[in-house]
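Hi there,

Here is the structure I promised to pass on to you. Have a look at it first, and then read on for my notes.

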Amino acid sequence: MCNVLNCKARPMANITLPELLLFIERVAERSRIDAITGIVALMYVYRLKVKLPPKAQGEYGTSHRIFLSSLLVASKFLYGKEGLNNRTMADVSGVFSTQEVCRMEKELLELLNYNVWVNDLDVKEFLEKYKAELCFM
């Protein structure tokens, strides 16, 4: 997540976010995601990274938003109505409103051209390709 996009350090109006790794840990723990949801979310993040220009720069909090929305979309893809919902993600983030989460989800889906399909082979290939980065040696 830290290497997906360079982001500005200057906070948005009236929003101070926790350090990204702490935010990821907190959201993952509070949302009780399973490993496959986390992996599929990372697959979406990598799909997004490939689409971004090499020198792309996001606003303060963009990495937080990408993580949160990728986790939400992965959960919805894998579990449908039983997966996480926008209100839950807003609550577990401790920072973003439900409306902001809805906007983040929509923006991520548009950036991915709604390409969220993942099958077992995709997961296996992803894990094999990025096992060193993901510490799956």
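A definition to begin with: a nonpolar core is a set of buried Ala, Val, Leu, Ile, Met, Phe, Trp, Tyr and Cys residues joined through side-chain atoms within 4.5 Å. Please also keep in mind that this is a predicted model.

With that in hand, the largest nonpolar core here has 36 residues. Val-27, Tyr-44, Leu-68, Met-89, Phe-96 and Val-101 are the ones with the most contacts inside this core. Two or more residues each are given to the core by α1, α2 (35-51), α3 (62-79), α4, α5 (98-111) and α6 (120-129). The largest share comes from α2, with eight residues.

For the overall picture, the protein chain has six helices and two strands, and from the N terminus on these elements run β-α-α-β-α-α-α-α. The chain has 137 residues, of which 43% count as buried. Among contacts with a separation of 6 or more, 81% join residues 24 or more positions apart.

Now to the helix pairs, starting with α1 and α4.

Helix α1 covers residues 20-31 and helix α4 covers residues 86-93; their axes come within 9 Å and cross at roughly 130°. The two helices are therefore oblique to each other, and their crossing is right-handed. On the α1 side the contact involves Phe-23, Arg-26, Val-27, Arg-30 and Ser-31, which meet Met-89, Asp-91, Val-92 and Ser-93 in α4. By class, that contact has four nonpolar, two polar and three charged residues.

Val-27 deserves a click in your viewer. Leaving aside residues up to four places away in sequence, Val-27 touches Phe-67, Leu-68, Leu-71, Met-89, Val-92 and Ser-93. Val-27 is also one of the residues with the most contacts inside the core, and so is Met-89.

Next comes α4 with α5. Their axes come within 8 Å and cross at roughly 115°, and that makes α4 roughly perpendicular to α5. This crossing is right-handed. Asn-86, Arg-87, Met-89 and Ala-90 in α4 meet Thr-98, Val-101, Cys-102 and Glu-105 in α5. Sorted by class, the residues of this contact divide into four nonpolar, two polar and two charged.

From α3, the contact is made by Arg-65, Leu-68, Ser-69, Ser-70, Leu-72, Val-73 and Lys-76. From α5, Glu-100, Val-101, Arg-103, Met-104, Glu-105, Leu-108 and Leu-109 take part. The residues of this contact divide into seven nonpolar, two polar and five charged.

Asp-122 sits in helix α6. Not counting residues up to four places away in sequence, Asp-122 touches Met-43, Arg-47 and Trp-117. Asp-122 and Val-40 are 82 residues apart in sequence, with 9.4 Å between them in space, C-alpha to C-alpha.

Happy to talk any of this through.

Best wishes

Key
Residues numbered from 1 in each chain as written. Predicted model: local features only at pLDDT ≥ 70, side-chain atom pairs only at ≥ 80, totals over all residues. Heavy atoms only, no water. Axes fitted to C-alpha atoms, helices over the stretch in contact; angles between N-to-C directions. Helix = DSSP H or I, 4+ residues; strand = E, 2+ residues; numbered from the N terminus. Parallel < 35°, antiparallel > 145°, perpendicular 65-115°, else oblique. Left-handed = near helix turned anticlockwise from the far one by under 90°. Contact = heavy atoms within 4.5 Å. Nonpolar A, V, L, I, M, F, W, Y, C, P; charged D, E, K, R; others polar. Buried < 20%, exposed > 50% of the residue type's maximum accessible area, 1.4 Å probe, protein only.
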